[in-house]
Each structure stands twice: as structure tokens, then as C-alpha cells.
Amino acid sequence: MSVEAIDLTLDLPQADAPKAQNGGPLAANLLRAGSLLVFALVFLFFSATAPFFLTVGNIGNVIGQSAVLGVLSIGLTLVLVSGGPNVVTGGIDLSLAANAGLSAVVYALIIQAGYSDAVAILGALATGTAIGAVNAIAVVVIGIVPLLSTIAVMNVVAGVDLVLTQNTVIPASSDVLTLLSSGSLFTIPALGIVFILFAIAAALVLQFTPLGLRLYATGEFPEAAKAAGLPVRRLTAFSYVAAGFCGGLAGILSVAYLSGTSTGSGEMLLPVVVTALLGTIFSRRLVPTIPGTVLSTLFVGFLVNGFQLLNLSSTLVSGVQGLLILLVVSATTLLRKEEI
Amino acid sequence: MSEFATVSPAGSPPRIRNFPSLAPRLALPLATIAVFAAFSVVSPAFLVPTNVLSILTNNFALQAIIALAMTLAVTSGGIDLSVGTAVDFASFAFVTLVLAGQPVPVAAVAGLGAGLVVGLFNGFLIAVIGISPFLATLGTLFIGRSIQQQLTNGGNPVYLPQTGIPDAFRFLGHGSLFGVPVTLAVAVLLLALFGLYLGRSSFGRTIIAIGTQPVVSRFSGLRVARTVTIAYGLAALVAAIAGILLTATVSVYIPNSGNAFLLNAIGATFIGTTLSPLRRPNIPGTALGVLLLAIVANGLLLSGLNFYWQQVGTGLLIFAVLAFSFLRGR
């Protein structure tokens, strides 16, 4: 049992309910205000210093470029919500980036084989959802710790990707891909529109429906949720399948964005994890939420874009992300300690 | 979930296990033997001394050292996602100083120091500030990535010229001690050393106690913060040794290449936990986990299967071992 006993609780106040009641709200509000302020300051700074930053076209571009990362992070958010605050024994899906890569390959191969976009879209979404279903079975039915089972699934998925592509880029073009990559509405690229619509739909489900509330209940106190009669196992399974679907969708978006598949889809993994975890600081109770994840995705997008416009090396971005996550979590932890 | 073990859901009595069954513990050794036997039959080139040595030297040694580092962190109750960062930092410092004409021992010590910095930074974040290990080391990984790209002009490899490589450097990478390649000898030595150290020394037992029962350890007066910091420092130091050996073997430093070892290190460590009756991380288990992965990687290659099938095979095998162990272990 002691793999489960390893305590890797995310150090966010909701991790232990009694403490959160004493000192949580003030600390959380300070931090949330602080992180929104940082977002606003960064935005203002780039607006003032970087040419063309604050133009409708540029902001639309950033939203479009963030689509793949954003959709994947939304998928991971669902898993984090139903898995609770403990990263190791709780929910995590490390197969998401590889999932998007393989779904993209399936899409491109179906198009190359001469089938229509509808078939390709179905194929990609089915691939993603199937991978999610495998994760769900591994976690819920077999009972393997998610961190491990999704690593194993990631290996298999990335391997199948390599076998299918021989590690080359498969180009793809079709009507839908052209529409996604070059179409736009109100100067927001079509990719960005898909991202926004999907984020709104996911947010409505997760934050405003009984299903969403049940997912939170499952993650935060599984025993209580079980006692209250919730189908905890089915809800957990649902989150992995839904995340898999997000992987499929992200795959389609990435084919459109790159006009083909990518050999480096696995590199997306850690950015997705950081984006979803960083998103918690934009929520009132410091839990994963869809709006928080979207803000965190856009924040990273604006950072990359601003750095590029200022001719700063974009290699600094991952450092800034790392520093941010450490600063934010340190601040949460230290604030909480002081108030207890 | 164990904190809720006493709260039994309505209707079902709490499950009591007197004897952990042996079957789940056998999954890993049996899988290793089975895979070894299968490849010996399938591929004539597999079971020959040179190939077995090659498995141990090329597939096993470095990954085992890095998995050992991971096991140290997991034993202390955490996880270290930045083992690859320590590998890279050590590699960079080592190559840079050798290029600058410093003697190899000096460069090696500097490499170890550079790796140690990563570990102490992690230890500070986890033990002093109290950030969860997953997030702290993820942050370190991202910062480390940026630093390396800054240092190398966006990620350009640093090559050592083929001529004028110091003998000591060549010895680390390609030499042998009493007929055993240096990398393998170092790996086995480190595994044995830490295997004894964790199980037998009072400090090792303190790390295990903190990993198993952090709260009880604190109330028992163990110096938790200091021990955890040292554990992450040791993990990074061990990873740094792998970084130096890696560089000496390939004569080049490639920025952020250490992360390639990360997922296998996590996989091997946690597959290794199936060897212990209490599912604790343990060094023999980790070593066996790495050995299994090494055999599969080498065997699949020799069986004439496409290179890319390796990853599928490895993934399926990890999955099978985990599934068997978790299904039987419930």
C-alpha cells in the first residue's frame, strides 16, 4: 500500500480542508488577485514596449497559436479535477501529448488515403477517445496508479506514432484543414475560434452542471462522494475518456496548424502539465478550473509572442514558466503557513 | 488513499490482508527471465557474451544510475522530475572545463558540483519552503531548460574535438576496470553502495522512515528538512555522475538531452516497487526494472523488428507487468 502512502499532495490550500478554513480565503484571494495583476502587468508591459502587440490581429494570432496547447490543457484539467489534488495517486494523464500526435497522424493518413474530411475527423477523434478509454480501464478497472499507467500508454502511443510515420512528417491538406488554418472570424483565426468555443463548452459543463460538480466531489473527497452515492469509478473513467477526446481534437488542430504531422509531439507533454497546474492560481479556491486553464494558456501564449516581438530569445519562456510556478506555489505555501 | 483505510464504505467490511501474496512480487523477475529466454530463442545474436555485455554497458548502465537517483527521491517520499537537469548541468560543466584545458579530475568535480546545485535547489524548495516535490522539480526542470538554452546560444551542442581528448576522459567513457567497462563498473558500484546504505545505515533508514511516515517522523524528532534536502542533493549528485559518464562516452554535450532518461527512470523505479511486499521503492527492484527495459530494447532491435517497434514493445511490457502486479496485489 505504501506507493499510495507516498505523500505528494499538491501544496495548494484545498489539499487539507481544515487548514483551508482557517487561513485559506485571504491567502487565496491575495494570490488570485496577485496572479491576475501579474497577467495584467505583463500584458500592459508588452503593449507599451512591443510594437504591434496590442493589435486585434496579433491577439487573435496568439489565441490561434495557443489552440493545441489549450485544448490539451483543458483535457488534463478534467483529469486533475476528478483525480484530486494529489499528483501521484490522484489524476494525471501523461499520454495526452502523444495522443495528440497519434491522432494527428491518423487524420493525415486518412486524408492521404483519399477519404473525406468527415471520415478523417471521426478517425482522429475515435483514436483519441480510444486512448482515453485505455487509460480509464487501466486506472479504474485494473487499478494502476495513473502516473504509471499513463506513462506506459504514452510509450505505446508514441511508439505506434513512430511505426506509422517512420519518424517523418506526413503532410496533409484538405478543405477543412485549409479552413482551420487560414479562415478567420472577426480577425480571430479559425483555430482560435475552435479553441474558444471548445473552452466555453468545457467550462459550461465543468463549472455549471451537476456532472461538473460531481467530478469535483470525486476528486476532492472520493470516500465522501462514494458515501453520497456518486458513481465515483464511472466519473473517474469519464474524465480520462474526455481527456482522450481532447487529445484527438488537439491532434486535428495541430495538423491544421502545421499543415501536417509533427515528429516532436511528445515535447508538448511538460508544457501541458505546467499550463494545467499553473491554471489553478486563477481560480478562487485554487483548484483546477477551465477558465483558469484558459487564462494560463493565454498567459504563456502572450509571453512567447511578446518575447518574439521584442526580439528577446523565446528560450527564456520556459524559464519564466518555471519561475512563475515556483513563485506562485511558494507564495501559496508560505502565506498558508503564516495564517495557521 | 491509505489515510482513509479505516473508513469503510457502508456495507463492505474493511479488507484485511495478513499475508501479501507472493504472486504480484514475482511479476518483475519472471517477466525479466521470460523476456531474456524468449530473445535467446528468437534471435541467435542475442545470447552471446559480447551482446550481453553490450546490453549491460550501453542499455543498462547509465539508465540504472539515473533510475537510482530517482529511487532516492521516491524513497524520501517525493519524486524528482529534474534528474535529467542534473545530468545536463554536470555534462555541460564537465565538457566546458575539459575544452578549456582543465585537468579531467577538476572538470569532473566541477560537473558534480553543477549537478549538486540542482539538487540543493530542489531540497530548498521542498524541505524549506514546503512545495510539493512534483511541482518543485517540474519548476526546476523548466528553469534548467531555459538556462541551458541561454548558455548554448539556443541549444547548440558542445563538441569535443576528436584530437587531443585527454586520456583520463577517454578512460571514463571507453576504458575498463579489470575487464569491466567503467560505466558498468560505476553503475554496479553505486547500486551496491546505495543498496547497502539505504537499508543498513541510520541515515538511510531515516530517509525511508520519512518517505513512509512523514508526520510520525517529524513528531519522533527526526530532522526531516535536513534529511530531505540531503536526499535530493544525493539524487542530483548520482545523476551528475551519469552526466559525466554520458559525456565521456559520446564526447559531446547536447542541451536538455538528460530528459530522455526521465520517463524510463520513473517507470523502472515504480515497476521496481512491485518487488517489495509493501510496494516500497527499493534499489534491487529499480535495477531489475532497468534491466528489463534494457533487455527489451536490445532484444527487439536484434530480432530484426523495426527500430520504432521498440517503444511499443517497451510500453506494452511495462503495462503488462504493472497490470499483473496491481490486479494480483489488490
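## A polar contact, a helix pair and a chain overview

The side chain of Ser82(B) reaches the side chain of Asp80(B) in a polar contact of 2.7 Å. This is a predicted model. Ser82(B) sits in a loop of chain B, between helix 2 (49-75) and helix 3 (83-99). Its relative accessibility is 0%, so Ser82(B) counts as buried. Leaving aside residues up to four places away in sequence, Ser82(B) touches Val118(B), Asn122(B), Thr137(B), Thr140(B) and Leu141(B).

**Two helices of chain B**

Two packed helices are described by the angle between their axes and the distance between the axes. Take helix 7 (residues 182-200) and helix 8 (residues 202-212) of chain B. Their axes come within 5 Å. They cross at roughly 75 degrees. Angles of 65 to 115 degrees count as roughly perpendicular, and helix 7 of chain B and helix 8 of chain B are therefore roughly perpendicular to each other.

Which residues meet there? From helix 7 of chain B come Tyr197(B), Leu198(B), Gly199(B) and Arg200(B). From helix 8 of chain B come Ser202(B), Phe203(B), Gly204(B), Arg205(B), Ile207(B) and Ile208(B). The residues of this contact divide into five nonpolar, three polar and two charged.

Ser202(B), in helix 8 of chain B, is one of the residues in that contact. Ser202(B) has a relative accessible area of 59%, so it is exposed. Ser202(B) and Ser91(B) lie 111 residues apart along the chain, and their C-alpha atoms are separated by 32 Å.

**A loop residue of chain A**

Ile281(A) belongs to the loop between helix 13 (269-278) and helix 14 (290-309) of chain A. Is Ile281(A) buried or exposed? Buried means under 20% relative accessible area. Ile281(A) has 6% relative accessibility, so it counts as buried. From Ile281(A) to Leu230(A) the sequence separation is 51 residues, and the C-alpha to C-alpha distance is 28 Å.

| Residue | Relative accessibility | Class |
|---|---|---|
| Ser82(B) | 0% | buried |
| Ile281(A) | 6% | buried |
| Ser202(B) | 59% | exposed |

**Chain A as a whole**

Chain A contains 15 helices and two strands. Of its 340 residues, 59% are buried. Chain A exposes about 13,100 Å². Carbon and sulfur atoms supply 70% of that area. Consider the contacts in chain A between residues at least 6 apart in sequence: 78% of them join residues at least 24 apart.

Note on methods: Residues are numbered from 1 along each chain as its sequence is written. Chains are lettered from A and ligands numbered from 1 in the order in which they are written. This is a predicted model: local features need pLDDT of at least 70, side-chain atom pairs count only at pLDDT 80 or more; totals for chains, interfaces and linings use all residues. Side-chain values use heavy atoms; hydrogens and water are left out. Axes are lines fitted to C-alpha atoms, for helices over the stretch in contact, and angles run from 0 to 180 degrees between N-to-C directions. Helices (H or I, at least four residues) and strands (E, at least two) are DSSP runs, numbered from the N terminus. Angles under 35 degrees count as roughly parallel, over 145 as roughly antiparallel, 65 to 115 as roughly perpendicular and the rest as oblique. Contact means heavy atoms within 4.5 Å. Ala, Val, Leu, Ile, Met, Phe, Trp, Tyr, Cys and Pro count as nonpolar, Asp, Glu, Lys and Arg as charged, and the others, Gly among them, as polar. Buried means under 20% relative accessible area, exposed over 50%, partly exposed in between (1.4 Å probe, protein chains only). A polar contact is a pair of N or O atoms within 3.5 Å; within protein, one must be able to donate a hydrogen and the other to accept it, and residues adjacent in sequence count only if both atoms are side-chain atoms. Accessible areas come from the Shrake-Rupley method with a 1.4 Å probe; for residues, only the protein chains shown count as cover.
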